[in-house]
Amino acid sequence: MKFVFRTSLNLTIGISFLFLIGFSTGIHAQSTGTLTGYVTDARSGEPLVGANVGLQGTAQGAATDSDGFYEIDNIEPGTYVVVATFVGYETQRQNNINVRSAGNRNINFELTPTAEQLEEVVVSVSEPFIAPPENPVSFRRLSPEAISTYPAGNSDIAKVVQSLPGVSGSVTGFRNDVIIRGGAPNENVYYLDGIEIPTINHFSTQGSAGGPAGLLNVSFFEGVELSTSAFSASAGNALSGVLRFNQRNGNDREFRTNFRVGASEAALTTEGPLFKGEATSSNTTFIASVRRSYLQLLFQLIDLPFLPDYWDYQYKVDHKFNSKNQISLIGVGSIDDFRINVPDDITPDQQATLDQVPVIQQQTNTTGLSYERRLSDGFGISRTSLSRSSFYNDFSRYRDNENQDGLFSRNRAREVRYTLRNETTFYREQSTLSVGGSARLNNFENDFFDDNTSVSFDTDLNFLSYGGFVQWSSEGLTEKLDLTAGIRFDGNTFTDSGNEIYRTLSPRAALTVNIDEEGEWKGVLSIGRYYKIPPLTVLGYKESGDFVNRDAQYIRSDHLTGGINYFPRSSTKISVEGFLKLYDDYPVSNREEVSLANLGGGFEVLGNDDIESVGKGRTYGVEFLTQQTLTTNYYAILAYTLFWSEFTGFDRDRYLPSAWDSRHLLTFTGGYQLGNSWEFSLRTRLIGRTPFAPINEERSIETYPEFVFDYSRLGSERLKPFNATDIRIDRKWNFQNFSFDLYLEIQNLFAQDTPSEPSYLLENGDSPQLVRVDQLSESSILPTIGIILDF
């Protein structure tokens, strides 16, 4: 089920922004900022006393105290490169650090000892380009500053990562999928501080992860890491991407508050120390937030036929027993309500949406407790976590949405997972060894029926899944070579072959070659095998009271990736990568005769079907990236990917273009800072012609308002290319006790039409027929205003 979100907002929003700017020019806003943080040993966690932290290009800096804490005062607000140095350790830089008069996060450094332990060593590339040794290829890192000012991103991480090479979103529909290198949205795994979370979006597609709006608050992020290949053996169930959200600790010295109003919601975040007393700092901190959408109010105001209403919340509490032992409690959740609204003067296009949109109520929650222990003498670090995640989805379809009458399909499901996970890393001078494992209790309940397919079942599935891994990495195997290698296994107690773990042995290895002595040129090569268990909606499907998919196999994907990286400056990277992914044992629907690799990008439920693990697939292509991090007053990312994505059905020799086979992905994202008060940013995206499955009109007349698609013709028709340009203008003020950021975003600056699949209405009569309806104009320029207040 796909539908397109269209609206046009009055340009008075833009005029209002200019008025506010003009009104405020007379306000005198001149104050200085303070930068704080900690410098510690990356291996032992011990504070580094006397380390130097400075602002590059200035004389301002400070040395760390006995706690490893530094504080730099009287900084003119602006953007800086912050550098940390200590004898015997590699120098570390963090670019694009925005210093304000209030609301600055701690800028922490974890420095790595050098082999010689005699003098500081300057790293030749900046922090955003440094990849972990176990994942040297197809790795990207995003800073909080890059995320928060991303044009048209609305502080939504799922939208922000779409600027990276090989990553796209759904072209049509009110959607927020993450599609990596031609793989389906459900091929990605998401970790929050090492704890797996089921989804990162509101109104998420069950069995997948996409939805219309992100549910994670970017104010929590210390950084975000995306791997699009060569995953560490510690990450299970990933076929295309691993997205890790690393949350920061709350401030341990003072209370702070952030208030943000964006295009669709308002958010309040607060943080500070707990049980501080009269001490300078506290060993216990918290950070917590709540967000509330007002998108439903805007939709009702402009008379759209659906109202997406949501809340979300997020929190983290940390307690340090000492420098070697720390415990954290994290939580994130959402409450979603997708309701119907009947416009007063309804158009045929709106009527089609009103008829076909589902009614959705969802609740998600993840709670986790993690314990981190550093081994003595910097020998290693052990992380153990226990978590519970739940996903409730009430998905209903009515013949008459206006009166909520004629319920013909309902999926009322609850997924609950209890996970125990441990990862222990041992350090040597130039190598690391990581070992670990996980055990998960899975519970899936579903009360499902669909009159159109005559399918009805009530399921209650419980089983155990588990996995283990070993990963070894050597930095400096020889003068020019770095090597990493790992192996993983997975199993479960439900599927017929689940305990035959030799079937899921997944070896992987990657090699980095330092081509020149200066470290400007690097070659990378990786090869690996990865497995994913089918979704619970597939495993829990029943016919005549029996689990008919117990013979399902783990989906397999073999990756081969290679490339060249060039670093002409520490702040600049140019890279070329080629990739090949070969899939096997992909589930194919017996009902629709299509690989599940083509599904999960719309408002439906992925699964609830009898499948056979016989599908094959292949995605391959080449990526180009040029990136300049912000070191003076501008930054830019230019990425282009040429790729092919093809999958088979029951005929394993016949490959068809997949639903993600758009072939071309081109993105440019850039920004320019004018002084300390103004910032201009721009994003341009081009996505090639994306295939879609035409509807089977004869069968769809019988099932309307649900459509039956003719997947045998997938690839025979394609949408027009998608092209959009978005800009953002920020105006910043810094006062003595608070900072204020007012921004204007203009989406679809050049009023480009958004491609959409054909839309149909059922015309009843003696001979019912589907009538194609004209789409409303897509050439809307969408301006919005947002504010960010820190105090």
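Here is the tour, with a word on confidence before the stops.

This is a predicted model, where local features need pLDDT of at least 70, side-chain atom pairs count only at pLDDT 80 or more, and totals for chains, interfaces and linings use all residues. Residues are numbered from 1 along each chain as its sequence is written, and side-chain values use heavy atoms, with hydrogens and water left out.

Colour by pLDDT (the predictor's confidence in each residue, from 0 to 100): the chain averages 88, and 93% of the residues score at least 70.

Now select helix 5, residues 348-356 (helices are DSSP runs of H or I, at least four residues; strands are runs of E, at least two; both are numbered from the N terminus). Of its 9 residues, 7 are buried (buried is under 20% relative accessible area, exposed over 50%, partly exposed in between; 1.4 Å probe, protein chains only). Show strands 21, 22, 24, 44 and 45 too: the buried residues of helix 5 pack against them.

Next, pick D309 and R292, which form a salt bridge with the closest N and O atoms 2.4 Å apart (a side-chain nitrogen of Lys or Arg within 4 Å of a carboxyl oxygen of Asp or Glu). D309 sits in strand 21 and R292 in strand 20, 17 residues apart.

Last stop: N549, in the loop between strand 32 and strand 33. Buried or exposed? N549 counts as buried because its relative accessibility is 0%.

Methods:
Contact means heavy atoms within 4.5 Å.
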